[in-house]
Amino acid sequence: MINGTLRQGSSYHVGKLVIEKIAKKEDQVLELFLPKDMPEFCRGCAACITESEKKCPDYLMYMKRVTRMIDEADFLVFTSPVHVLHVTGAMKALLDHYGYRFMVHRPEECMFSKQAVCVTTGADSGMRSTLRDMKQSLVFWGVGRVYTYGIAVSAIRWEDVTSEVKERILTDLEKLAVKFVRDPEQVVPSVTTKLLFYVLRHMHQKGMNPVDQAYWREKGWLEKKRPWKKIVKQ
């Protein structure tokens, strides 16, 4: 669970409710809070794209740990309150660091078998654009299934959210939880994810950044291998 702010407000509590609806007692839940766990802005040096993600100035201090946690997780929850109609600056800063993981560059193979939910709350508006900020990155990472949930809570503090709104949230999350698959090996990537992969595969076959093209070739994706074939029964 990656939270776009240190303040444990409505978005955080809704994210926790999502986990409660899905997780079992034996599951381990790990949380990251931004900007504490990744306080740096992307410098735009492009070293992660032209050379290696390990060349990022923030790799050793922050990104190595965050990336390991993301890759090892079966299920991802991203939360961010609406900040001037978008995600928090801290969440945007984290997502900016993963430009190299966009499918046009070097997507991580394990992403295709993951599920994620993006959560936001706002006083009245901006939920759609805030969710889009998070979902677009996850889709371009190749995450197999990405769900979103946003709601206007008309309050700054979770304690001030009315009981009626909280009841609606619980009802909505019950419906959302039904969509999740417990076994990651049974996650089938969405049509959007597969289509995006094939479009970018075609581009790489014609010629792209040499580092990225070498990565795709090494993975076998320019031939018959697909990042989801190991998890989909043929």
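Modeller: Let's start with a cysteine. Cys 42 has a relative accessibility of 37%, so it counts as partly exposed. Keep in mind that this is a predicted model.

Biologist: Which cysteine sulfur is closest to the one in Cys 42, and how far away is it?

Modeller: That is the sulfur of Cys 48, at 6.4 Å, which is too far for a bond.

Biologist: And Cys 48, is that buried or exposed?

Modeller: Cys 48 counts as buried, because its relative accessibility is 14%. The closest cysteine sulfur to its own is in Cys 45, at 6.4 Å, so that pair is too far apart for a bond as well.

Biologist: Change of topic. How many cavities of 30 Å³ or more are there?

Modeller: The count is one. The largest cavity has a volume of about 50 Å³.

Biologist: What lines the largest cavity?

Modeller: Cys 48 again, along with Glu 53, Cys 56, Tyr 59, Met 63, Thr 67, His 97, Tyr 98 and Tyr 100. Helix H3 gives the most to that lining, with three residues.

Biologist: What about the largest nonpolar core? Which members touch the most others?

Modeller: Phe 78 and Trp 141, in a core of 41 residues. Several elements supply at least two residues each, including helix H3 (59-72), strand E3 (75-79), strand E4 (115-122) and helix H5 (127-141).

Biologist: One more. Where is Thr 120?

Modeller: Thr 120 is in strand E4. It is buried, since its relative accessible area is 0%.

Biologist: Which backbone oxygen does the side chain of Thr 120 reach?

Modeller: The side chain of Thr 120 reaches the backbone oxygen of Ser 80, at 2.6 Å. Leaving aside neighbours within four places in sequence, the contacts of Thr 120 also include Ser 11, Pro 81, Val 82, Met 127 and Tyr 149.

Methods. Residues are numbered from 1 along each chain as its sequence is written. This is a predicted model: local features need pLDDT of at least 70, side-chain atom pairs count only at pLDDT 80 or more; totals for chains, interfaces and linings use all residues. Side-chain values use heavy atoms; hydrogens and water are left out. A nonpolar core is a set of buried Ala, Val, Leu, Ile, Met, Phe, Trp, Tyr and Cys residues joined through side-chain atoms within 4.5 Å. Buried means under 20% relative accessible area, exposed over 50%, partly exposed in between (1.4 Å probe, protein chains only). Helices (H or I, at least four residues) and strands (E, at least two) are DSSP runs, numbered from the N terminus. A polar contact is a pair of N or O atoms within 3.5 Å; within protein, one must be able to donate a hydrogen and the other to accept it, and residues adjacent in sequence count only if both atoms are side-chain atoms. Contact means heavy atoms within 4.5 Å. A disulfide is a pair of cysteine sulfur atoms within 2.5 Å. On a 1 Å grid over the protein atoms alone, a cavity is a set of points where a 1.4 Å probe fits but cannot get out, and a pocket is an open set with protein on both sides within 12 Å along at least five of seven lines; lining residues have an atom within 4 Å of a point. Grid points are joined across faces, edges and corners, and a volume is the space filled by probe spheres set on the points.
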